[in-house]
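I opened the model to look up charged side-chain pairs.

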Amino acid sequence: ALPGVRLVGVCDRSAVAAEFAAERYGAESWHTDHAAMLAALAPGVVHVATPPQTHFGIARDCLEAGAHVFLEKPVAETLAGCERVIGTARRLKKALVVGYILQVHPSWQKFTELAQSLGKPLVMRMNLNQQSFGDMWKTHKALMQTCSPIVDCGVHYVDVMCLMTGSRPVRVSGLGARLSDELPAGMVNYGHLQVTF
């Protein structure tokens, strides 16, 4: 809907999903292979909203193809992967924007503004208890094959803590637990963090 912007294509591994998205959002074309799409369309900007384990490769490919990238978090599964994607963006002088929606959401902006007016907090605790069942549990289990909800969602709340304090963390302590036998061994889907600023 932005003036001067055309949605030249959408891509999904599923042809059914790609075709549906193209029709729903008025894209000029749809594709099932991101590399082929990049070569065919040479887009100026790409929004990467794929499963977390694919972010590193797709973001790097988009940057190398000459596109600016709006990337959902996490940037990559490892710190080394994050550094490589960021390094690629810097080397090619391309914008790499990570989707921290709470920074621009009006309710959270007001919350942060009000919190900053209260002085420096001594202690902060944020709870996120997302219940999951039925089809949503299937979706969440699929995400948790490679990405913990602490990384997928919890980073938003640490980001808000940083905005509220105007500071950077100096130490993070925490504990985690695997609350379902249906998750991969080692996958933590509950966490408690104490952040020192």
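I started with Arg6 and Glu28, whose side chains form a salt bridge with an N to O distance of 2.8 Å. Arg6 sits in the segment before β1 (10-11) and Glu28 in the loop between α1 (15-25) and β2 (30-31), so this pair ties together parts 22 residues apart in sequence. I checked accessibility next. Arg6 counts as exposed at 59% relative accessibility. Glu28 has 48% and counts as partly exposed. I noted that this is a predicted model.

I then searched the whole structure and found six salt bridges. I followed up two others.

Glu64 and Arg91 meet through their side chains at 2.6 Å, N to O. This pair links distant parts of the chain, with Glu64 in helix α3 (residues 55-64) and Arg91 in helix α4 (residues 79-92), 27 residues apart. Glu64 is partly exposed at 44% relative accessibility. Arg91 is exposed at 51%.

Glu182 and Lys141 form a salt bridge at 2.5 Å, N to O. Glu182 lies in the loop between β6 and β7 (190-196), Lys141 in helix α6 (residues 134-143), so the pair ties together parts 41 residues apart in sequence. I read a relative accessible area of 49% for Glu182, which is partly exposed.

Last, I looked for nonpolar surface. Which residues make a nonpolar surface patch? I found Leu175, Leu179 and Tyr190, with a patch of about 310 Å². I placed Leu175 in strand β6 (residues 171-177). Leu175 counts as exposed because its relative accessibility is 51%, and the cut-off for exposed is over 50%.

Key
Residues are numbered from 1 along each chain as its sequence is written. This is a predicted model: local features need pLDDT of at least 70, side-chain atom pairs count only at pLDDT 80 or more; totals for chains, interfaces and linings use all residues. Side-chain values use heavy atoms; hydrogens and water are left out. Patches are made of residues with over 30% relative accessible area and no salt bridge: like charges are joined within 9 Å, nonpolar side chains (Val, Leu, Ile, Met, Phe, Trp, Tyr) within 5 Å. Accessible areas come from the Shrake-Rupley method with a 1.4 Å probe; for residues, only the protein chains shown count as cover. A salt bridge is a side-chain nitrogen of Lys or Arg within 4 Å of a carboxyl oxygen of Asp or Glu. Helices (H or I, at least four residues) and strands (E, at least two) are DSSP runs, numbered from the N terminus. Buried means under 20% relative accessible area, exposed over 50%, partly exposed in between (1.4 Å probe, protein chains only).
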